[in-house]
Amino acid sequence: MQGRIPAAVFLQDLLSKDAGNRSAAKKHLLTVEKKQIKAILNSVQTSFFCSTRFPLQIRAGSGSSHLVESGTVLPVKIHMDQESGQILNLVFVWAEGGMNLKVDVPVVFKGEDVCPGLQKGGFLNKIRTSLKFLCPSEHIPSKIEVDVSNLDIEDRIFMRDIEVHPSLKLLSKNENMPICKVVPTSLGNQAPVDE
């Protein structure tokens, strides 16, 4: 009713499965202004929201001038009502400079309009829509661009082929997994076989 959204902010290690690694320090339950969150979502697109850092100021209460804590945060979850699209709550982690964070970075495919394999009637099978990295908070990319402009039918791009900042570490057990592949759409698109 007040135009605010419930939220939580804490250190990312609080999400750790190992209870010995969890720290409750800097944990806060708070509310954020709906109009501020909507403005941020409109400026960065919803798909890049959880890979974009933001400044956060925590005040003693709505309209209070007393600053409790401030810093930079990274959204890790946005819970929305499936029917109305309304934001139900948000989860942030602290993302100060020098902190290493695990981040799911969205993959964006470019060059589809000139891709030879697609022009021949192929289909771009987008196998991965995001990649998980461990990276310093100051080097978190909002997206990973994958250029498919030179792919032909049956060509693929693997996780190991992606170029990112050297401080980013891909968190995948198999870097030989493909991110995408151009596949034929049907057997009818292939050249006839002589008998």
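Is F49 buried or exposed? With a relative accessible area of 1%, F49 is buried, where buried means under 20% relative accessible area, exposed means over 50%, and partly exposed lies in between (1.4 Å probe, protein chains only). The structure around this residue is a predicted model, in which local features need pLDDT of at least 70 and side-chain atom pairs count only at pLDDT 80 or more, while totals for chains, interfaces and linings use all residues. Residues are numbered from 1 along each chain as its sequence is written, and side-chain values use heavy atoms, with hydrogens and water left out.

The pLDDT is the predictor's confidence in each residue, on a scale from 0 to 100. The protein chain has a mean pLDDT of 86, and 89% of its residues reach 70 or more. Residues 188–195 have a pLDDT below 50, and this stretch has two contacts in the model beyond near neighbours in sequence; a contact means heavy atoms within 4.5 Å. Where pLDDT is low, the predicted coordinates should not be read in detail.

Next comes the overall layout. Two helices and 12 strands make up the secondary structure of the protein chain; helices (H or I, at least four residues) and strands (E, at least two) are DSSP runs, numbered from the N terminus. Followed along the sequence, these elements give the pattern β-β-α-β-β-β-β-α-β-β-β-β-β-β. The protein chain has 195 residues, and 35% of them count as buried. Among its contacts with a separation of 6 or more, 65% are between residues 24 or more positions apart. The accessible surface comes to about 12000 Å², with 49% of it belonging to carbon and sulfur atoms; these areas come from the Shrake-Rupley method with a 1.4 Å probe, and for residues only the protein chains shown count as cover.

Five of the strands can be followed together. They form an open sheet in the order β2-β1-β5-β4-β3, with mixed pairing; two strands pair if DSSP finds at least two bridges between them. Strands β2 and β3 (54–59) stand at the edges with a single partner strand each, so one side of each is left without a neighbour in the sheet. On average, neighbouring strands of this sheet are turned by 45° against each other, direction ignored. Helix α1 (residues 34–44) packs on the sheet and touches β1, β2, β3, β4 (67–80) and β5, and its direction makes about 75° with that of β2. For such angles, axes are lines fitted to C-alpha atoms, for helices over the stretch in contact, and the angles run from 0 to 180 degrees between N-to-C directions.

The pairings of β1 come next. Strand β1 (residues 4–10) runs antiparallel to β2, and six bridges join them, with V9 standing opposite H28 in β2. With strand β5 (residues 87–94), β1 pairs in the parallel sense over four bridges; here F10 has V93 of β5 as its bridge partner.

In a regular strand the side chains alternate between the two faces of the sheet. Strand β9 (residues 144–147) has I144 and V146 on a covered face and E145 and D147 on an uncovered one. Strand β6 (residues 100–110) pairs with β9 in the parallel sense over four bridges, and D147 in β9 is the bridge partner of K110. N100 also lies in β6. Leaving out residues up to four places away in sequence, N100 touches Q12, L134, C135 and P136.

Rings of Phe, Tyr and Trp (its six-membered ring) pair if their centres lie within 6.5 Å, and planes under 30 degrees apart count as stacked, over 60 as edge-to-face and the rest as tilted. The ring centres of F49 and F54 are 5.6 Å apart and their planes stand at 35°, so the pair is tilted. F54 counts as buried too, at 11% relative accessibility.

Most residues other than glycine have a negative phi. Q45 is not a glycine, although its phi is positive, about 70°; Q45 sits in the loop between α1 and β3 and, at 48% relative accessibility, counts as partly exposed. E154, also not a glycine, has a positive phi of about 80°. E154 lies in the loop between β9 and β10 (156–158) and counts as partly exposed at 42% relative accessibility.
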